[in-house]
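Visitor: Please take me through this structure, one feature at a time. I would like the general idea behind each feature, then the case at hand.

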Amino acid sequence: MNSATLRKGLLIDASRKLKFTFDGREYEGVAGDTIASALAANGEWILSRSFKYHRPRGILTMAAQDANTLVQIGNEVSVFADRHPISDGLAVRAQNVGNSARRDSAFVMNRLSRFMPVGFYYRTFYKPKGIWEKVWEPIIRAKAGLGKLDVTKPTQGYYDKAYGWYDVVVVGAGPAGMAAAIAAADAGASVLLVDENPRIGGALNYARLATERDLVSEVKGHSKIEIWTDAICNAWYADNWLPVIRGNRLYKLRAKQVIFATGLIEQPSQFRNNDLPGIMQGSAAQRLIRLFGVKPGNRAVILAANDDAYGVALDLLEAGVDLAAICDLRKAGHHGPLRSEITQRNVSILDGWCLHEAQPEKGHSHVRGVELAEIDAEGTAGRRRRRIDCDLVCMSVGYVPAYQLPLQAGGKLAYDDVAAQFTIDGQGKAVLLAGSVDGFFDLDGCIAHGAGQGLAAAINCGYQSERRPALPVRDRGSPNHPCPIFPHLKGMDFVDFDEDLQVKDIKNAIADGYRELELVKRFSTVGMGPSQGRHAALATAMLVSKYTNRTISEVGVTTARPPVTTEKIATLAGRKFTPFRQTPMHEQHTAQGAAWLLAGNWLRPAYYGHEPDAKRLIAEEVVNARNNVGMIDVSTLGGLDVRGADAAEFLNRMYTFAYVKLPVGKTRYLLMTNEAGTVIDDGVACRRGENYFYVTATTTGVDRIYRNMLWWNAQWRLDVDIANVTAAYAGVNLAGPNARKVLAQLTDDIALSPQDFPYLAYREGTVAGIPARVFRVGFIGELGYEIHVPSRFASELWRAIGDAGKEFSIRPFGLEAQRLMRLEKGHVIIGQDTDGMTTPEELDMNWAVANSKPFFIGKRSLEIRNKTLSSRKLVGFVLDRMPMAGLQESNLVVKNGSIAGFITSIAFSPSLGRVIGLAYADRSDADLGSRIVLRASDGSEHHAQVASPHFYDPENLRQEM
Amino acid sequence: MGAIARSPFAHRLTGASQTPQNENVVIRDLSTLPRIGFKGNGTTNWLSSKVSAVPAAPNKAITLSDGTLIARLGKEEYLVLPGRDAVGSVCSELEASWNADDASGERRIGYPLPRADSHSWLYLEGSSIAQMMAKICSVDLRGDRFLQSEVAQTIVARISAVLIREITDGSYGLHMLTDFASADYLWDVLQDASAEFGGGFAGNGRI
């Protein structure tokens, strides 16, 4: 099959030749060609193979609405060949084929179709037992899917997203959409006109339509209208949130008013072999001719049920196609203006005839002829037949509105059984419909309706207009045939091209008891392919109505959900935003060789050094801090300024401990429980003034704690102001026996002797010339100072401490060493050593709970929970050495074969020379010296001895020195 | 105080950075300049007694005669930015004034906030700023919608931000104050977002 070409079309520049390949063969196209139009111009009509039977498939719509034209380009699968432009060197491959679209050995499946009736997979593959997993699933998985995606290859191209805001967004730039945009913009609204095609104009570009108004020029010349072509509005979400895909960018648009002028989707007729290449919608033939200058065939038969079919006939004649016959499904008496023109051209018109069967070339490569049948009294193919040779069949039998977006916007679909037409209503005031999607079929009516809706949208946006929206009266008839379905005894009369579903498949699904449309869909998979039922939904509804003796309005159609058409994962992913935070000393840590870990969204040094043996580096950091002096960046600690006359009372309510009597210049441990009495955070409160507390919180907890504080005080209304100053203050913990000597070099206004600055005291002064908040705390169990300074000066502080500490061989230590040293000291980490049930009592931290207070969050729950203690307790444990199997956090503690708890922290202690840890164990095993059983990940069990969790310096002599 | 304040963008500004190729998107780091905030009960009365005017409503900003920009972030919350070519020291004067009033026992005068350390400060100007911001912020910042002196407290590329439309006769200008600790992240975000406009960072300091 090779048709001569016109090669003069609205979208192409025939002077610019481009070369591309399809299935390895080189073809020449021209600029503006799609893959499908260029191949058609070369006489290549097979674009793909069908899903189940591997039947050759070709152009059906030329509107990127069907799965027939899905091809693969590079590693991108399921690209619409009738939408994607060609370019020099473009390499295109057919999908779901053995060798190529032309030659596909899997076409043998077509002969086996009788063994694959609808739903066969539900009752075929499950016997004998085990055969599904071993045999059928691997086969089906290998067969499933269309393209071949190499998931190891990175996504090509840069994808991102952007927001956009408009008064009115008009989707669809056909006559109604353009008229709506102009009317809305004339009234003052900012308008975005979105169309998926490369050129605005809609059907004006390819159909035999003429209007006095030059709508395209009016739109292009309007300062208030922005035009996006090649842009797909792929969904409607609440509050007129519209995702519009334009190239590699996903726009997230907000519109005060949306006008859907999405037009119509032409429907196929069902007859035997209605899927052969060369059989297409009438509008597809017109698009080929007018847009791409491609002659769709040499000798055509037209299947008609409306006047548009005669427009197709005129276009074919003008393109030099022989018109063998027009087969009109309607009885005589339907005379539109275009039919009147054709009757003067001496063309054979058969009124009341249908297309009963299309006959294929060898290998089903193309249509070679048709068998027509006179429609009998029952509306089926009668016995009177006629055969005609042809290489092109154009179907113009009716439309459905492109209702997907309106239905997503809340519209309800109804069906007028008399006019054979869908209607849409109830989509809300912020969503309007314009033109043929709302049942206006003649051009003037579409334009008038669009203009009325555009003005209405502008007025709804608040723009004033002297004119009032004037909406035309809807046409009483429709161009739709009530049931253009003509089943064939031998089948292959496809209802759903995507899923290879024939009329009998739908009939059998109903016969199996699936009478409701949604059940038919799920059982048969009709409408579940890439084209999402655009050409199958109405036909299925017609069949269900026919075989269940109901009207289509009673049967309804299936739900329309986003997305409207295919979209790439890359489009949805876009440019990824993954915020992370760094302390002001980040660059210095990098220079010192920090290995990073993520704590919340903070990047923190885990340890320093580039050697592969991280454990050795961490142990060295521990030993140096224990015996000498170390420094750690603690800027990530949460920082909250709590100020006001009620600040102490506020802390008293938020935390378990008591703060009213805390003297100025002192610190006190903070423990927070939630309403259920569960421990959720800890920190230190420093009393800077009578009414001013500087409160620390855990790195990952501070944002939640801050929100909690605001939430509670919104109810308590205490005279207190809370500010989250986490990022504003950076901190360094200077710790080790030589810490005081190092700090002494950096401050001359803070007295550092143990008497002047004792353990748990708080002082303010300057450190390295920087105003600093300094408090003596001992998280790691050594003499230590936590120095907090404004973030702008923190890198200078880090440098100064490093310089001052040189003579003491100071070295930084990371989070790993800190965690290890706090474990040696028996200090818990909230979130690691606690879970969603932990009470202070389980942690042996009742010392931090001031039960004499009238209230703190969780007090009442703790009183109740403490009456009936839980069965577990957090205990320290020791092992002489780490078992070969290894023990990790979350490994179980078992007792008598049952789970008694789990390990929360475990490590080899360089200071103690053995393995230490914390674990929840049975309460009865909490006594020192008890034995508990730890189960490793490989199932092996290991005995550990319960010990005081204060493994290191239990008398606190070192941190209080 | 001997130490010199350091911008959180400092290490990026000294490295190989994307510089503006035109005047579409020009980003300047003002983080080393002073800035201060006040919030809490009584702030509006107290601040009104110290400066010639404060914005009448939240999410509005005004510019004082010396160039100081005062943005009202809430009923009782303000952000004070010195004029970029100002020689005065409005922030330190206000802080000293607050400390003096607090020391003298005055109550209900709000509390100062360390905005110079909690927030980095960028100034974005150029003809494509709104278009670029549309890629990273869901608020409509177009010139005819986000008017001069308007303030948006919102999210930019998933981090909190205070955006203030500059009050100027010149081209579109936007102050952006975001988390001090997220500066490195924000730098990459802005470099990426401004690339298609030929934009970039134009160095730091006053302009």
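Guide: Start with chain B, where the domain assignment gives domain 1 (10-32 + 117-204) and domain 2 (36-115). Such bounds come from an automatic or database domain assignment. This is a predicted model, in which local features need pLDDT of at least 70 and side-chain atom pairs count only at pLDDT 80 or more, while totals for chains, interfaces and linings use all residues. Residues are numbered from 1 along each chain as its sequence is written, and chains are lettered from A and ligands numbered from 1 in the order in which they are written.

Visitor: How far apart are the centres of domain 1 of chain B and domain 2 of chain B?

Guide: The centres, taken over C-alpha atoms, are separated by 24 Å.

Visitor: How many residues of domain 1 of chain B are in contact with domain 2 of chain B?

Guide: Two residues are in contact if their C-beta atoms, placed from the backbone, lie within 7 Å. Here 12 residues of domain 1 of chain B are in contact with 13 residues of domain 2 of chain B. On the domain 1 side, α4 (115-118), β8 and β9 of chain B are the elements that give two or more residues. Helices (H or I, at least four residues) and strands (E, at least two) are DSSP runs, numbered from the N terminus. That side of domain 1 of chain B has five nonpolar, five polar and two charged residues. In these classes, Ala, Val, Leu, Ile, Met, Phe, Trp, Tyr, Cys and Pro count as nonpolar, Asp, Glu, Lys and Arg as charged, and the others, Gly among them, as polar.

Visitor: Which residue lies in the loop between β8 (151-156) and β9 (159-165) of chain B?

Guide: A157(B) is found in that loop. Phi of A157(B) is near 50°, a positive value in a residue other than glycine. A residue is buried if 20 or more other C-beta atoms lie within 10 Å of its own, exposed if 12 or fewer, and partly exposed in between, with C-beta atoms placed from the backbone. A157(B) is buried because 22 other C-beta atoms lie within 10 Å.

Visitor: What about chain A as a whole?

Guide: The secondary structure of chain A comes to 23 helices and 47 strands. Its C-alpha trace spans about 115 × 75 × 55 Å along the principal axes. The radius of gyration, taken over C-alpha atoms, can be set against a globule rule of 2.2 Å times the number of residues to the power 0.38. A compact globule of 961 residues would have a value near 30 Å, whereas chain A has 38 Å. Buried residues make up 53% of the 961 residues in chain A.

Visitor: Which domains does the assignment give for chain A?

Guide: They are domain 1 (13-103 + 268-396), domain 2 (160-265 + 401-460), domain 3 (492-569), domain 4 (586-635 + 728-821), domain 5 (638-724) and domain 6 (871-961). The C-alpha centres of domain 3 and domain 4 of chain A lie 69 Å apart.

Visitor: What does the UniProt record annotate at residues 491-575 of chain A?

Guide: UniProt positions are given in the numbering used here, feature names are shortened, and annotations may be inferred rather than shown by experiment. The unreviewed entry annotates residues 491-575 of chain A as "domain: SoxA A3". Over those residues the chain is 44% helix and 6% strand, with the end C-alpha atoms 49 Å apart. M492(A), in the loop between α10 (443-460) and β27 (494-496) of chain A, has a positive phi of about 55° although it is not a glycine. M492(A) is buried, with 23 other C-beta atoms within 10 Å. A cis peptide bond joins P562(A) and P563(A), with omega about -5°.

Visitor: Which residues touch the most other members of the largest nonpolar core?

Guide: A nonpolar core is a set of buried Ala, Val, Leu, Ile, Met, Phe, Trp, Tyr and Cys residues joined through C-beta atoms within 7 Å. In the largest one, of 351 residues, they are A184(A), C327(A), V393(A) and L797(A). Helix α4 (residues 175-186) of chain A gives the largest share of this core, nine residues.

Visitor: How many residues of chain A are in contact with chain B?

Guide: 32 residues of chain A are in contact with 30 residues of chain B. β8(A) gives the most to the chain A side, with six residues. By class, that side has 17 nonpolar, six polar and nine charged residues.
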